[in-house]
Amino acid sequence: MSDFDGIKERQEGKKKMPLGMTILFVGLALFGLAYLYLYSPQTTGWTQMAQYAEKTTRLALSATTHAEVESTETAAHEQMEALERGEKIYQENCAMCHGMKLEGGVGPSLVGPKFIYGGSLEDHMRVISKGTSKGMPGFAAQLGAVKIYSVANYLHKVHNH
C-alpha cells in the first residue's frame, strides 16, 4: 500500500475500473452517439427555424379560422337582429290586416306557398312601399326604405323557411 498525505491506497486493483462504472461509461457513450445521430439537423432535417415557421403558420391559420368563425357568427347575429326588427315593425304596422302570425284577416295570408304579387324580396319591397290595386295602401312615407326592407326581409325569410 502506498501512503500519501496519510491516505492509504491498495495497489492490486488500482488500474482496473469497477464493472458498474464501465457499464455506465459505455452506456452513456452509446447514448450520446445515438442522440447526436438521431437529433442532429444533418440527419433529421430538424431546425429551430423550421419549427418556428411551422408554429407561426399554425397560429396564423387558427387566427384566420377564428376570424372567419367570428365574422360568420357576427353576420348571423346581425341577420337575426334584422329579422327581429322586421318582425317588430310587421307587428306594429301590418298585423292588424294580415294577422299576428301572417295568417291573414282583412288582408291576404302572407305564409304562401305563393304570393299574389310575387315572392321575391324586391316584390315584397315594391308591394309594401307602393301598395296594391286591391286595397293595400303604400307605406313608403310612413316607414321609409330601411323599415320597408326589414319587413320585406322578414316576410321573405318566413316564407322560405
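Reply: Here is a walk through the pocket, with some notes on the chain around it.

First, the ground rules. Residues are numbered from 1 along each chain as its sequence is written, and side-chain values use heavy atoms, with hydrogens and water left out.

The largest pocket has a volume of about 530 Å³. A pocket here is an open set of points on a 1 Å grid over the protein atoms alone, where a 1.4 Å probe fits, with protein on both sides within 12 Å along at least five of seven lines; lining residues have an atom within 4 Å of a point. Grid points are joined across faces, edges and corners, and the volume is the space filled by probe spheres set on them. There are 27 lining residues, and His98, Pro108, Leu110, Val127 and Met136 are the closest to the centre. Two or more lining residues come from each of α4 (95–98), α5 (121–130) and α6 (140–160), with α5 giving the largest share, 4 residues. Helices are DSSP runs of H or I with at least four residues, strands are runs of E with at least two, and both are numbered from the N terminus. By class, the lining has 16 nonpolar, 8 polar and 3 charged residues; Ala, Val, Leu, Ile, Met, Phe, Trp, Tyr, Cys and Pro count as nonpolar, Asp, Glu, Lys and Arg as charged, and the others, Gly among them, as polar.

Now zoom in on Leu110, which sits in the loop between α4 and α5. Leu110 is buried at 13% relative accessible area, where buried means under 20% with a 1.4 Å probe and protein chains only. Leaving out residues up to four places away in sequence, Leu110 touches Tyr90, His98, Leu102, Phe115 and Leu155, a contact being heavy atoms within 4.5 Å. Leu155 is 45 residues along the chain from Leu110, yet their C-alpha atoms are separated by 7.4 Å.

As for the whole chain, it has 6 helices and 2 strands. Buried residues make up 19% of its 161 residues. Mean pLDDT is 80, and 89% of residues reach 70 or more. Where pLDDT is low, the predicted coordinates should not be read in detail.

Definitions and conventions. pLDDT is the predictor's confidence in each residue, from 0 to 100. Buried means under 20% relative accessible area, exposed over 50%, partly exposed in between (1.4 Å probe, protein chains only).
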